[in-house]
Amino acid sequence: MYREREAVRHRSSKAVQVAVVLALAGGAMAPVAATARSAAPRPTSVDGLWRMEGYGAVLAIEGGRMREYQTTDVSCQKGFSARRTAPGEYQDADRTLLTVRRDGARRATLHASGSAGDRQLRRVAELPEGCGTAMPKDPVTAFDVFWQSFEENYPFFAAKGIDWHAVRDTYRPQVHADTTRDELFAVFSKMVKPLHDAHVAVVDGDHRFYQVRPGTTVPSEKLDTKVKNHIVRRDLGGKKPREFASGRISYADLPGGQGYLRISGFAGYDTKDPSYAAQLAELDKALDTVLTPARTASLKGLIIDLRVNGGGSDALGLHIAGRLTDTPYLAYSKRTRYTRPQPVPVRPAKGVPRYTGPVAVLTGGSTVSAGETFTQALIDRPGGTVRIGEATQGVFSDVMERKLPNGMAVGLPNEEFLTRSGRTFDGAGIPPHLRTPVFTKEEFEKNRDSAFDEAVKVLRASLPSHD
């Protein structure tokens, strides 16, 4: 599953996430290693070789080009490439903007448009061994790179009770020079299946293996349409809400003076332009229409429905959170197995109306990826936020997509998203404050929406008493 964080296709679209940026393969690029080793760059230049701390990659920058090398202890392969558009700025094939900023002689940061947080870069003298030669494409080599990629980067083996070394001992003897591609795909799928991680995927062309947490449902267009029709008919009395961002966002005023904001994803807002800037522009059009000065002043509570949300850009979720507070606060912190937690703040939006009253967030097992990081970004929101429904899917990290020497690929998470107290919700998901059924067969058959009804009741109860 690739994180568009649309989430279940999860190209993180975790599409504007760095996770996807690091998965993109670009066109040919002139070799940079020899020059970078022999000539020190100018103090203001970002040219040279940079190790991306905690992400198993080295960036080679020279002559207006950026090239990623995906590395493990047993492998080095070319990853994405990008072209310089301005000093320190590069753009890949999907128009993701990559900004490199120096922090002294040997340190720098990398920011990808649409990502929450930055990547730390450390200057290195040369590329790792093997980066200049093509790797063997045999099944055993592919197995070793696959296993090592998880061994070095996957953070959740202990939490999920998986002995990854025992997994290698079980499956490596099954792989040999004559193992077919289909057989190898099956082996890889069996190895990761016990993880029950929706951000783990095995990919061979159109052949994909991924799975969601047991007992949950994959967000899909079919499910989204069914849910949308149920909500319009049952909760909104047959009145269709106003839609924005290619239908990914909708809004309706409720009879009791409350508002209902449904968000089915944090990507795909502009279907013609994949850039983060285009998605953000569409989001702002929606928010400017919904959160007007009159409405923010009069709302008696806001329901935010994320129960079918396929994910996308974490930064878009943070942008919405900035419209819901007058006070800056910590959304979450991010870390890899090799880096310290990096605080990610919510900053109040400037120059626009902000709603700071009570919020009810509806979640469920089909709340995935960026839908979850947005939910997490509202946990410590001033003004009061109550979660209603069921636990979210339990996948937060950007997706690290690794190429395998035989042309297959694997996606895996390598980050933890931490609360202020250091807690992570990976695996189990973010629990609700108030648990209700979410789009079960019985809910549909009996024309119920228990989470919505509970949210309306809770928000009414939060109003000041005039007795």
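Across which strands does helix H5 lie, and at about what angle to S9 does H5 run? In this predicted model, helix H5, formed by residues 181-192, lies across S9 and S10 and runs at about 170° to S9.

## The four-stranded sheet

Strands S9 and S10 belong to an open sheet of four strands with antiparallel pairing, ordered S10-S9-S20-S19. The edges are taken by strand S10 (207-209) and strand S19 (399-403); each has a single partner strand, so one side of each is left without a neighbour in the sheet. On average, and with direction ignored, neighbouring strands of this sheet are turned by 15° against each other.

Within the sheet, three bridges connect strand S9 (residues 201-204) with strand S20 (residues 409-413) in the antiparallel sense. Here Val 203 is placed opposite Ala 409 of S20. Helix H3, residues 139-153, also packs on the sheet: H3 touches S9, S19 and S20, and its direction makes about 10° with that of S20.

## The pair of helices H3 and H5

Two packed helices are described by the angle between their axes and the distance between the axes. For H3 and H5, the packing angle is about 20° and the axes are 11 Å apart. An angle under 35 degrees counts as roughly parallel, and H3 and H5 are therefore roughly parallel to each other. Their crossing is right-handed.

On the H3 side, the contact is made by Pro 139, Ala 142, Phe 143, Phe 146, Trp 147 and Phe 150. H5 contributes Leu 184, Val 187, Phe 188, Met 191 and Val 192.

## The seven-stranded sheet

A further open sheet contains seven strands in the order S11-S12-S13-S14-S17-S18-S22, and its pairing is mixed. Strand S11 (242-244) and strand S22 (434-435) stand at its edges; each has a single partner strand, so one side of each lacks a neighbour in the sheet. Helix H7 (residues 276-290) packs on this sheet, where it touches S11 and strand S12 (249-253), and the direction of H7 makes about 155° with that of S11.

Strand S17 (residues 359-363) and strand S18 (residues 385-389) run parallel and are joined by five bridges. Thr 363 has Gly 389 as its bridge partner in S18.

## Nonpolar cores and a covered helix

The largest nonpolar core comprises 41 residues, and those with the most contacts inside it are Ile 249, Ile 263, Phe 266, Leu 302, Ile 304 and Phe 374. With neighbours within four places in sequence left aside, the contacts of Ile 249 include Phe 244, Leu 261, Ile 263, Tyr 269, Leu 283 and Ala 286. Another core, of 29 residues, lies apart from the largest one; among its members are Trp 147, Leu 184, Phe 188 and Met 408.

Helix H9 (residues 314-321) is mostly covered, with seven of its eight residues buried. These are Asp 314, Ala 315, Leu 316, Gly 317, Leu 318, Ile 320 and Ala 321. The buried residues of H9 pack against several elements, including strand S13 (259-263), H7 and helix H10 (370-377).

## Two hairpins

Strand S5 (residues 89-91) pairs with strand S6 (residues 97-102) in the antiparallel sense over three bridges, and Gln 91 stands opposite Leu 97 in S6. Five residues separate the two strands in this hairpin, in which Arg 95 takes a positive phi near 65°.

S6 also pairs with strand S7 (residues 107-112), in the antiparallel sense and over five bridges. The bridge partner of Thr 99 in S7 is His 111. The hairpin of S6 and S7 has four residues between the strands, and Gly 104 adopts a positive phi near 95°.

Methods. Residues numbered from 1 in each chain as written. Predicted model: local features only at pLDDT ≥ 70, side-chain atom pairs only at ≥ 80, totals over all residues. Heavy atoms only, no water. Pairing = 2+ DSSP bridges. Contact = heavy atoms within 4.5 Å. Axes fitted to C-alpha atoms, helices over the stretch in contact; angles between N-to-C directions. Core = buried A, V, L, I, M, F, W, Y, C linked by side-chain atoms within 4.5 Å. Buried < 20%, exposed > 50% of the residue type's maximum accessible area, 1.4 Å probe, protein only. Parallel < 35°, antiparallel > 145°, perpendicular 65-115°, else oblique. Left-handed = near helix turned anticlockwise from the far one by under 90°.
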